[in-house]
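Good morning, and thank you for coming.

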Amino acid sequence: MIGAVDIGGTKIAVGIVNAGGQVLTRSQVPTNADAGYRRAIDSVVQRLRHAEKVTNQKITGIGIGSTGPVYPLTGEIGDVNFFPNWKGENPVKDLERTFNVGVAIENDADAAALGESGWGAGRNKTRLIYVTVGTGIGVGLIFDGKVYRGVDYSHPEIGHHMIDPSGPSCYCGFSGCWESLATGPAMEAWMADNLPAGYPHRESLTAKKICDLARAGDNLAQRAVEREARYLGVGLANLVTLYVPDAIVLGGSVMKSSDLFLDTIHKTIAASCHFVPYERTQVALASLGEDANLIGAARVWYHKFAPSGGSYVD
Ligand SMILES: [Zn+2]
C-alpha cells in the first residue's frame, strides 16, 4: 500500500494506491504556498493518516510527484515558480521520519510517465516518452523502466525546446519554445490576437471552448486548432527523430480533445521523420484518467525501491 502525494501549484492531492495501481482513497488540500512549507507538509501527514484510517491499511512506502524542479537524489525541493519560499525543504526526509517507510520524489512529468509505464498505456514499452499538454508541456523519458536523467539527476526540459525562433517569447527567457506555441494558453493567446471585430464568442475563450467551437464548425476556432495540432506535431516529430521510441503516450487537459489533433500529428510525423522507422512509434493516449498524477506518484516509490513490483491487474 503506497501513500501517493501529488504536489501542484494550487493543490496537493493525497491518496493510497494498491499494488495493482488502483487508488483506494483520495483527498486534496490547497497548496497555499504563502502559508509556508511546514503547514503544507503537516496537512499531507494528516491526510495520509486519515487515508490509512478510512482504508484500514498501513502505508508501506510513499511516492511523491511534484511540480519542479525537485532533486530525486536528495529529496529536496528546488527553485519552484509556485512556491519559491519552499526551496531547500525536504519532503522525502520529513515523511520518512514521520512514517518510517521509504519515500521517493520525482518531477510530476516523470511521475506521470512512470505511472503510464507501470500501470497504463506505456506498459511493456522499452522506450517510452510521456507528454502532458495542458497549461504547460511536461515530458518524461522512460528507458528500460528507468527515468532518463541529465547531469546531477536533472529533468530535461523538453517543453522548452525551440520550435520556431520567431515564435512568442517564453517565460523561460527564450522564444518560440514548444510551451509558448502548443499549450492551452498558447491556443487561447492566438485566438485573442486574431479575433475579428464582431466575433460572437468573445467571452471566456478557454482551450476547451475553442475546441468545442471548432467541432461546431467555427472557422477561426478551426484555424486555432489546426495551428495547435501542427505545433504539437512538430514537437512530437522532433521527439521521434531524436529518440525513435516504442511509444509516445499523450496526456493532459488539451489531449481530452485529441480527436481534433491526432490526424495532423500523424501527418507531421510522417512528413518529417523519414530517416527513422517512425511507423514503429506508437502514438497512444494516456489511460490512467483523472487519477494519473496520484497513480504516477505511487509509481515513483516502485521506481526507487521495487522496480519490478506492482503488477498490473485488469
Ligand atoms: Zn521556454
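**The sheet and the helices around it**

Let us begin with the sheet: five strands, in the order S3-S2-S1-S4-S7, form an open sheet with mixed pairing. Strand S3, residues 23-30, and S7 stand at the edges with a single partner strand each, so one side of each has no neighbour in the sheet. On average, neighbouring strands of this sheet are turned by 15° against each other, direction ignored. Please keep in mind throughout that this is a predicted model.

How do the strands pair? Strand S1, residues 2-7, and strand S2, residues 11-17, run antiparallel and are joined by 6 bridges. Within this pair, Val 5 stands opposite Val 14 of S2. S1 also pairs with S4, here in the parallel sense, over 6 bridges. To place this pairing on your screen, find Asp 6, whose bridge partner in S4 is Gly 65. S4 in turn is joined by 6 bridges to strand S7, residues 102-107, and these two run parallel. There, Gly 61 stands opposite Gly 102 in S7.

Of the residues of strand S4, residues 61-66, how many are buried? The count is 6 of the 6, so this strand is largely enclosed by the rest of the structure. Both of its faces are covered. On one side we find Gly 61, Gly 63 and Gly 65, and on the other Ile 62, Ile 64 and Ser 66, all of them buried.

Helix H3 lies across S1, S2, S4 and S7, and runs at about 110° to S7.

Is Gly 118 buried or exposed? Its relative accessibility is 15%, and buried means under 20%, so Gly 118 counts as buried. Leaving aside residues up to four places away in sequence, Gly 118 touches Arg 123, Arg 299 and Tyr 312. Consider Tyr 312 in particular: 194 residues separate Gly 118 from Tyr 312 in sequence, yet their C-alpha atoms are 7.3 Å apart in space.

On the H1 side, the contact is made by Tyr 37, Arg 38, Ile 41, Val 44, Val 45, Leu 48, Arg 49 and Glu 52. On the H2 side, it is made by Pro 91, Asp 94, Leu 95, Thr 98 and Phe 99. By class, this contact of H1 with H2 has 8 nonpolar, 1 polar and 4 charged residues.

In the second pair, the axes of helix H5, residues 184-194, and H7 come within 10 Å, crossing at roughly 140°. This angle makes H5 oblique to H7. H5 passes H7 in a right-handed crossing. From H5, the residues Ala 186, Met 187, Trp 190, Met 191 and Asn 194 meet a group in H7 that includes Leu 220, Ala 224 and Glu 228. The contact of H5 with H7 divides into 8 nonpolar, 1 polar and 3 charged residues.

Helix H7, residues 219-243, and helix H8, residues 262-272, pack at an angle of about 45°, with their axes 8 Å apart. That angle makes H7 oblique to H8. What is the hand of the crossing in which H7 passes H8? The crossing is right-handed. Among the residues of H7 in this contact are Glu 226, Ala 229, Leu 236 and Thr 241, while H8 contributes Thr 264, Ile 265, Thr 268, Ile 269 and Ser 272. The classes in the contact of H7 with H8 are 8 nonpolar, 5 polar and 2 charged residues.

Note on methods
Residues are numbered from 1 along each chain as its sequence is written. This is a predicted model: local features need pLDDT of at least 70, side-chain atom pairs count only at pLDDT 80 or more; totals for chains, interfaces and linings use all residues. Side-chain values use heavy atoms; hydrogens and water are left out. Axes are lines fitted to C-alpha atoms, for helices over the stretch in contact, and angles run from 0 to 180 degrees between N-to-C directions. Helices (H or I, at least four residues) and strands (E, at least two) are DSSP runs, numbered from the N terminus. Angles under 35 degrees count as roughly parallel, over 145 as roughly antiparallel, 65 to 115 as roughly perpendicular and the rest as oblique. A crossing is left-handed if the near helix is turned anticlockwise from the far one by less than a right angle, and right-handed if clockwise. Contact means heavy atoms within 4.5 Å. Ala, Val, Leu, Ile, Met, Phe, Trp, Tyr, Cys and Pro count as nonpolar, Asp, Glu, Lys and Arg as charged, and the others, Gly among them, as polar. Buried means under 20% relative accessible area, exposed over 50%, partly exposed in between (1.4 Å probe, protein chains only). Two strands pair if DSSP finds at least two bridges between them.
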